[in-house]
Amino acid sequence: MPPRFVPARWLRNAHLQTVYAAVLAPAPRVALRRERWETPDGDFVDMDFLDGPAGTPWVQLFHGLEGSSASPYARTLME
């Protein structure tokens with residue numbers, strides 16, 4: 001059984017945890033390589049890659065509707 005989550009004493013409120021993570025927590029800088037993939041209908045999709053050593057497993061991260069690869073939570077996960 002995984003350990004039970006215990007919040008920091010000064011951050012017990014779930015709303016404050018959300019605000020802290022989104023606004024106050026430092027987000028790491030991540031070196032991304034961007035590729036733009038053109039679609040047949042004239043639109044495009046921008047793909048950001050975090051290149052690792054050869055043989056590194058492929059992991060896909062999908063951000064939320066209003067997120068991006070620059071979102072603090074996404075950058076933290078990529079790090």
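Trainee: Why is Val19 called partly exposed?

Mentor: This is a predicted model, and Val19 has a relative accessibility of 45%. Buried means under 20% and exposed means over 50%, so Val19 falls in between and counts as partly exposed.

Trainee: Let's turn to the rings. How many aromatic pairs are there?

Mentor: The structure has 3 aromatic pairs.

Trainee: Why is the pair of Trp37 and Phe49 called tilted?

Mentor: The ring centres of Trp37 and Phe49 are 6.4 Å apart, and the planes meet at 45°. Stacked needs under 30 degrees and edge-to-face over 60, so this pair is tilted.

Trainee: What makes this pair a tie between parts of the chain?

Mentor: Trp37 is in strand 1 (residues 33-38) and Phe49 is in strand 2 (residues 44-49), so the pair ties together parts 12 residues apart in sequence.

Trainee: Why is the pair of Phe49 and Trp58 called edge-to-face?

Mentor: The planes of Phe49 and Trp58 stand at 65°, with ring centres 5.9 Å apart. The cut-off is over 60 degrees, so the pair is edge-to-face. Trp37, Phe49 and Trp58 form one aromatic cluster.

Trainee: How do you know whether Phe49 and Trp58 are buried or exposed?

Mentor: Phe49 has 13% relative accessibility, under the 20% limit, so Phe49 is buried. Trp58 has 61%, over the 50% limit, so Trp58 is exposed.

Conventions. Residues numbered from 1 in each chain as written. Predicted model: local features only at pLDDT ≥ 70, side-chain atom pairs only at ≥ 80, totals over all residues. Heavy atoms only, no water. Buried < 20%, exposed > 50% of the residue type's maximum accessible area, 1.4 Å probe, protein only. Phe/Tyr/Trp six-rings, centres within 6.5 Å; stacked < 30°, edge-to-face > 60°. Helix = DSSP H or I, 4+ residues; strand = E, 2+ residues; numbered from the N terminus.
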